[in-house]
Amino acid sequence: MKRAPLLFLNVFVIATCGLIYELLAGTLSSYVLGDSVTQFSLIIGIYLFAMGVGSWLSRFIDKHVAEKFIDIELAVAVIGGFSAPLLFLTFANLSYFSVVLYTVVFIIGMLVGLEIPLLMRILQDEMDFKDLVSRVLAFDYIGALAASLLFPIFFVPRLGLTRTSLIFGMLNAAVGIWGTWLLLPLLKRNVTIMRVKGFVILALLVIAFIKADRLTTLAEDSLFVDNIIYAKSSAYQRIVVTKGKTGYALFLNGNLQFNSFDEYRYHEALVHPAFAAFSGDAKRVLVLGGGDGLALREIEKYKSVEFIQLVDLDPDMTKVSSAVPALGELNKHSLNDPRVHVTNADAFVWLDNVPAEPFDIAIVDFPDPNNFALGKLYTTRFYNLLKQKLKPDSSVVIQTTSPLIARNSFWCVMNTLEASGYTVKPYQTTVPSFGIWGYALAKLQPFETPRSPPAGIEMRFLNNETFASLFEFPADTSRPNEELEINRLDNQALVRYYEAEWRRFEQ
Amino acid sequence: MNLNRRELLKLFLGAPFALAACRTDQPAAFPEGEIVGQSAGIGHILREGRSFDVAADRWESKKAVIIGGGIAGLSAAWKLKKQNFHDFLLLELEKDVGGTSISGKGDPVGYPWAAHYLPVPFAENTELVSLLDEMSLTDGRDAQGQVVVKEQYLCREPEERVYYKGRWYEGLYLNVGAGEEDKRQFTEFQRRIDEWVNWRDVSGRRAFAVPLETCSDDAAVTSLDRISFADWLRQNGFTSERLHWYCDYATRDDYGLKADQTSAWVGLFYFCSRVRKSGVESQPFITVPEGNGQFVRHFAELARDNIRRSQMVVSVVPTERGVDVITLDGNELRGIHCERAIFASPMFTAPYIIRGFRDDAPFDAGAFQHNAWFVANLFLKDRPKPRFAKDFPLSWDNVLYESPSLGYVTATHQKGIDHGPTVLTYYYPMCHEPDGRTKLFNFDWRQLADVCLTDLSRAHSDIYELTERIDIMRWGHAMISPRPNFIWSGIREKAVRPYRNIHFAHTDLSGVALFEEAFYHGLRAAGEILKART
């Protein structure tokens with residue numbers, strides 16, 4: 001009867017592992033799907049229900065209980081152990097993340113639900129029922145307490161979700177392997193095969209643990225440090241809003257679009273130079289991209305503006321500031337201004353197909369050209385299409401990525417604008433969340449670089465001194481000596497520059 | 001044809017894939033659609049050799065008649081109109097002109113039914129360049145005098161991608177997994193191509209040029225016509241499997257023949273004729289969503305008063321005064337007396353239509369062999385989802401390495417429409433077995449649609465849910481087949497000569513099915529008619 005106390009240790013480990021997987025799934029889903037109350041509630045419910053299903057299913061296991069127990073242990077080791085990396089990769093690559101999530105939770109719950117009844121049956125011949133129940137359940141709940149304390153205090157901050165998941169997978173595998181010795185007298189079938197299986201699984205988990213850095217850079221790192229308060233997969237992209245110590249941040253497909261803490265620097269620098277370069281009162285303004293409404297907030301400061309046409313691909317993007325009240329406050333509900341007309345269309349197709357009166361000012365604020373669909377929005381063709389919506393003295397500002405990190409990309413856009421017949425004044429500023437950031441101020445006729453921001457407009461960042469300094473380029477961001485290609489539809493040179501330059505900063 | 005699904009898929013897609021595909025059940029949702037176009041049935045009436053008596057009041061007179069409204073016939077009409085020669089008719093069998101350049105209209109964009117691009121011509125091809133100018137496709141000339149085509153008409157990047165073992169890769173040549181020897185052979189292959197690009201004969205002619213008429217007839221080059229392209233590769237030490245695939249894809253794509261069925265001369269023609277000089281990229285492609293339908297539209301608009309559609313020319317009779325053309329207009333026979341006719345129909349039809357042709361045949365029309373294709377247009381409500389975030393994205397031309405099809409072209413690509421509904425045009429040349437044509441016409445819409453969807457499902461598991469409609473066109477006589485010993489056998493010189501007052505104009509006469517060749521022969525025949533009048 002020496003076996004029993006050791007088996008109670010098993011109960012403890014199993015219980016700890018089981019709860020850890022549940023907590024992992026809950027944390028992960030509230031990270032990426034947002035709304036932690038719903039996510040934790042759903043995960044706990046599904047998990048407990050699945051445990052019930054598992055317990056009920058245990059009655060169908062009549063023979064070879066010990067072998068089945070070890071098999072289940074190993075299955076939990078695999079599925080539970082790999083659950084976090086699997087879910088991260090799923091989230092990064094698939095749109096039906098939630099289906100995978102709930103399925104994984106259900107399977108783990110069901111397997112864990114099978115464990116305790118089987119273990120109790122293994123032990124039933126060795127002690128009184130009264131003792132058995134009291135001890136098994138006691139160890140089970142102690143395990144749960146240990147898990148719930150260690151998870152937030154030690155595992156998440158020290159190891160992260162992926163490593164935690166793999167560590168507990170290893171523990172499960174160890175329990176399974178150990179079981180082949182502990183339960184040896186009860187095992188009637190080939191023990192060697194079981195042990196080999198067990199060690200293979202353990203080895204895989206160890207390898208994954210060592211390689212976890214790579215696994216996490218694939219998924220977790222590009223995700224978010226802060227709490228997710230809104231997440232939506234639209235038809236075009238994944239929109240995520242987080243809230244952290246510095247404020248609210250919006251991500252598209254994992255790429256930061258702004259942080260409320262310093263976005264005013266970016267948006268003031270995006271909008272006001274265009275107005276400064278326009279002589280007279282600007283009445284009609286075109287905004288391409290910018291569905292977050294932050295550029296609109298700056299434009300609406302001009303009383304002379306009568307009509308603002310905003311063209312953004314994604315209806316979910318132009319709705320995000322009404323879905324997240326904090327963003328509505330941040331953009332001062334700029335999308336509700338009666339002067340604003342929102343069209344959800346691909347700006348390239350819109351410029352090509354939709355006739356419109358010419359505009360005095362155009363603000364072009366697209367995500368960086370990291371794919372071909374975005375790259376076309378920076379081509380000579382695009383800028384030629386834009387021309388048709390401009391007057392001879394209209395002014396245009398285009399966000400043009402970081403001249404420090406992507407120097408060739410930045411200057412490739414400048415060359416492309418010049419090749420399309422624009423006079424260009426490149427400029428840059430510092431936005432701490434992004435780093436050094438670049439823009440192009442362009443007109444269809446030669447013009448003097450504006451030296452001060454428009455008068456009478458309230459600004460937090462731009463004043464006469466900062467405004468004049470925008471147009472200064474330090475040596476490390478100035479026009480490179482090498483010959484750069486013009487970005488055209490039929491070469492998409494910019495996407496290739498951009499990929500090469502930003503890849504240097506990926507792990 | 002009465003085959004079960006496994007046999008059908010095995011026939012079209014190969015045994016291993018068919019077995020795998022049949023293991024999974026067909027999804028419940030199968031899109032709707034139909035077989036469209038191509039009046040194969042009425043075409044075959046000609047073979048019956050009936051006599052055709054036209055009522056006396058059903059005759060009219062014209063100076064010229066063009067028989068056939070493909071690119072050759074339409075180009076001839078274009079030339080005549082431009083030279084102020086208006087007294088002619090163009091008779092087209094189908095309800096639309098265009099031949100293998102026909103296209104469909106759709107929302108948001110049109111789509112091709114066959115030919116879908118034109119490489120930018122060299123400056124020397126002055127008449128083709130003038131057509132591009134006239135259509136406002138150009139933006140003047142560059143410093144070397146070469147034509148500059150407007151950006152929106154040049155094939156947009158990403159141009160092509162290839163699907164191999166579960167992933168999409170950039171380009172057509174499969175770089176992934178290439179060993180040192182593969183790389184060496186590919187470089188060597190390109191060096192050999194370069195040699196031919198730079199090659200000139202004693203009179204300064206290129207080895208391979210467009211139009212084909214301007215190629216050198218030096219035996220050093222034309223002897224390549226006696227062996228197959230696959231044999232040429234082997235004889236030159238090229239054994240790399242992926243290089244052979246690349247060349248085989250090229251010949252299937254441009255000629256509807258496998259590399260071992262294609263003349264080595266014409267195989268090299270594909271790689272050399274569109275490269276100006278060594279080290280320069282191949283000429284870019286001019287394309288729009290409806291493919292070469294844009295040229296058809298332009299020609300048809302110009303000659304709108306001269307074109308009659310749904311006219312089956314049943315007999316062309318050389319007479320003392322010129323030519324009598326008899327056509328079946330609905331159920332009614334009509335006749336046209338003309339001075340001269342341009343026969344712009346595939347060459348193999350000449351003996352069936354031209355009276356007396358068989359008795360003293362100026363050339364062997366039966367030598368002009370065509371191959372069969374089927375083309376499917378898939379109307380998708382949305383784009384297929386990439387399986388991996390890092391997969392190379394949807395391109396203009398999307399090729400499946402392991403498939404006997406040619407993959408598909410995306411209609412919305414050129415317009416920059418990167419989201420939402422689109423049309424994919426899927427091409428399948430019947431070159432994998434003898435008598436593909438008969439086989440093709442024995443399959444119904446459902447069977448061919450099944451082949452197409454099953455083939456595409458290897459790369460796009462969601463293709464069944466996304467496809468709302470799939471229409472299929474069976475091309476019995478899609479393209480002339482440039483097999484070995486055809487192009488330089490001497491037959492072209494014979495066939496290009498007028499027969500009585502009938503002038504031949506068709507891309508068949510070049511031995512390759514290309515827009516530029518059809519255009520060249522159309523203009524040549526029109527020129528002969530204009531010259532005969534002065």
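In chain A there is an open sheet of 7 strands, in the order 7-6-5-8-9-11-10, with mixed pairing; strands are DSSP runs of E of at least two residues, helices runs of H or I of at least four, numbered from the N terminus, and two strands pair if DSSP finds at least two bridges between them. Strand 7 (340–344) and strand 10 (423–431) of chain A are at the edges with a single partner strand each, so one side of each has no neighbour in the sheet. From one strand to the next, the twist averages 15°, with axes fitted to C-alpha atoms, for helices over the stretch in contact, and angles running from 0 to 180 degrees between N-to-C directions.

This is a predicted model: local features need pLDDT of at least 70, side-chain atom pairs pLDDT 80 or more, while totals for chains, interfaces and linings use all residues. Residues are numbered from 1 along each chain as its sequence is written, with chains lettered from A and ligands numbered from 1 in the order written.

Within the sheet, strand 5 (residues 284–289) and strand 6 (residues 307–312) of chain A pair in the parallel sense over 5 bridges. Leu286(A) has Gln309(A) in strand 6 as its bridge partner.

Next, helix 7. Its 20 residues (191–210) in chain A should span 28 Å at 1.5 Å a residue, and the end C-alpha atoms are 29 Å apart, which agrees; the expected span is 1.5 Å times one less than the number of residues.

Which residues of helix 7 of chain A are buried? They are Gly198(A), Ile201(A), Leu202(A), Leu205(A) and Ala208(A), buried meaning 20 or more other C-beta atoms, placed from the backbone, within 10 Å of the residue's own, exposed 12 or fewer, and partly exposed in between.
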